[in-house]
Amino acid sequence: MTHPHAARPYLFNDRTVEGYRRAMAAGTARVAERIRRADRPFSGVSPERLAAEFAAIDLDRPLHDHDAALDELDRVYLRDAVYFHHPRYLAHLNCPVVIPALLGEAVLSAVNSSLDTWDQSAGGTLIERRLIEWTAGRIGFGAAADGVFTSGGTQSNLHALLLAREEADASPARLRVIISEAGHFSVRKAAKLLGLGPDAVVTVETDGERRMRPAALARELDRCRRAGQAVMAVVATAGTTDFGSIDPLPEIAGLCEAAGVWLHVDAAYGCGLLVSRRRRHLLDGIERADSVTVDFHKSFFQPVSSSAVLVRDGAVLRHVTHHADYLNPRRMADRGIPNQVDKSLQTTRRFDALKLWLTLRVMGPDAVGELFDEVVDRAAQAHALVAADPRFEVVTRSPLSTLVFRYLPPDGLGRKLADDANLYAREALAASGAAVVAGTRVDGRHYLKFTLLNPETTLDDIAHVLDLLAGHAQRYVDGFAPLTEEVTHVHS
Ligand SMILES: *Cc1c(COP(=O)(O)O)cnc(C)c1O
């Protein structure tokens, strides 16, 4: 039996601040130690082995001690976590994070402001509003712009498309959304959630650099019009997830303006260019969008989550406004009380904006842009390296920081073998933990992918990972490493 007051010391308040300080110090010390010791991005642990550790934990038998819980956490999580700060983590759109943002994370969780209403956040709401204004300014939107922080690009895209749907004047069955073949799948999910028909998302072809072809968009707009379908939005991607390609924004904006169609720019990845001193021009035309998605947790070195949706005309956010008597009654809006819930799909909402705020106040935007420019520079160097390497074939040259390529087996070996060798190389590399890379399919074939977001990744790291990949693929081709068995045995 626990004493009725035994739980009180765990409450964070004026009497427990010393315990809070000690717990935070102990937690950060564990993380610091793991980061210091990580000689690879991943231990290579298999899900089966880790699951066994978790199965042995009885959630109804607490440890009653922060240090004991941290010991356990170190064993089941920190030891085998995937570390994005490591220079040989080259897989997905996960960035290493900056310290001012981590400081923000610690502060925002402890104060625990909720950004739905002014009366739950006060200055937090004003910080978010200033950052929305700042981001809109960077985009080139005018004074009418507005927006709100969201949980991620998926939610930002959903939010933007909801606004577009509300602005469109047609029945759901006739609505269409046009996106390129290389656009993000979250747009399809959004269409489904918005009640559009199964054929609502129409893809148009890309050019050799995986950018939407404006001529194909023009044809599709025309085809929809003649078929009596209403295009509620064109989604242009500024930084496709696989290729880092940027759709031709000025041409697309021109076509949308002529057709009177909502333009959404998904800059979840490419938004880092907003603070680049050398490459901001790559986003030219974004200011003509009706809505924009930005993911600060991708190219602003922010911890998950940190994202926002911006709109050129803030008035459209009224489509998500609902006045609840208990929370944000209309009279509050009439009195000018700033309630962000009036603009958001969420109600209770994290104060993620604080992380970006402290990042800008400590480092400034140029420093963030400098970090992003460095990874883009590195990607260009990596492209040259792979393009000159006869062991590999590379798909496109990204204006951002991805590299899609594949190992080429010696001539005369079949297509299936090439696919399997690349699949095997990726899995074997991850199982070794020496590096983590991504994979994708291009025109039906298996490719490998680097997503560079770490300025600490050197060209030597990249050359080393290429050697490791070629070694694994070569062993597979030579027949020493059958797919699946070998991979699962590497770490058992
Ligand atoms: C990552 C990504 C998304 C989804 O963003 P989340 O933050 O993962 O929800 C949407 N669009 C593009 C182009 C992306 O790269």
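Helix H6 (153-167) and helix H10 each supply at least two residues of the shell around the ligand. H6 gives the most, with 3 residues. The model is predicted.

**Ligand shell**

The shell counts 15 residues around the ligand. Those that come nearest are Gly 153, Thr 154, Asp 266, Asp 295 and Lys 298. By class, the shell has 10 polar residues, 3 charged and 2 nonpolar.

Gly 153 takes part through a backbone N or O atom. Thr 241 uses a polar side-chain atom, and so does His 297.

| Residue | Protein atom | Ligand atom | Distance |
|---|---|---|---|
| Gly 153 | backbone N or O | oxygen | 2.8 Å |
| Thr 241 | polar side-chain atom | oxygen | 2.9 Å |
| His 297 | polar side-chain atom | oxygen | 2.8 Å |

On its own, the ligand has 380 Å² of accessible area, and the protein covers 85% of that.

**Helix H5**

Helix H5 spans residues 123-139, 17 residues in total. From its first C-alpha to its last, H5 reaches 24 Å. That is close to the 24 Å expected at 1.5 Å a residue.

Which residues of H5 are buried? They are Gly 124, Thr 125, Ile 127, Glu 128, Leu 131, Ile 132, Thr 135, Ala 136 and Ile 139. An α-helix has 3.6 residues a turn, so residues three or four places apart point the same way.

The buried residues of H5 pack against both strands and helices. The strands are E2 (146-150), E7 (291-295) and E8 (307-311). The helices are H10 (296-299) and H12 (353-362).

Just after H5, Gly 140 takes a positive phi of about 100 degrees.

**Leu 429**

Leu 429 lies in helix H14, residues 415-432. Is this residue buried or exposed? Leu 429 counts as buried because its relative accessibility is 0%, and buried means under 20%.

What does Leu 429 touch, leaving out residues up to four places away in sequence? The contacts are Ala 434, Ala 435, Val 437, Val 465, Leu 468, Leu 469 and His 472.

How values were computed:
Residues are numbered from 1 along each chain as its sequence is written. This is a predicted model: local features need pLDDT of at least 70, side-chain atom pairs count only at pLDDT 80 or more; totals for chains, interfaces and linings use all residues. Side-chain values use heavy atoms; hydrogens and water are left out. Helices (H or I, at least four residues) and strands (E, at least two) are DSSP runs, numbered from the N terminus. The expected span of a helix is 1.5 Å times one less than its number of residues. Buried means under 20% relative accessible area, exposed over 50%, partly exposed in between (1.4 Å probe, protein chains only). Contact means heavy atoms within 4.5 Å. A residue is near a molecule or strand if one of its heavy atoms lies within 4 Å of it. A polar contact is a pair of N or O atoms within 3.5 Å; within protein, one must be able to donate a hydrogen and the other to accept it, and residues adjacent in sequence count only if both atoms are side-chain atoms. Accessible areas come from the Shrake-Rupley method with a 1.4 Å probe; for residues, only the protein chains shown count as cover. Ala, Val, Leu, Ile, Met, Phe, Trp, Tyr, Cys and Pro count as nonpolar, Asp, Glu, Lys and Arg as charged, and the others, Gly among them, as polar.
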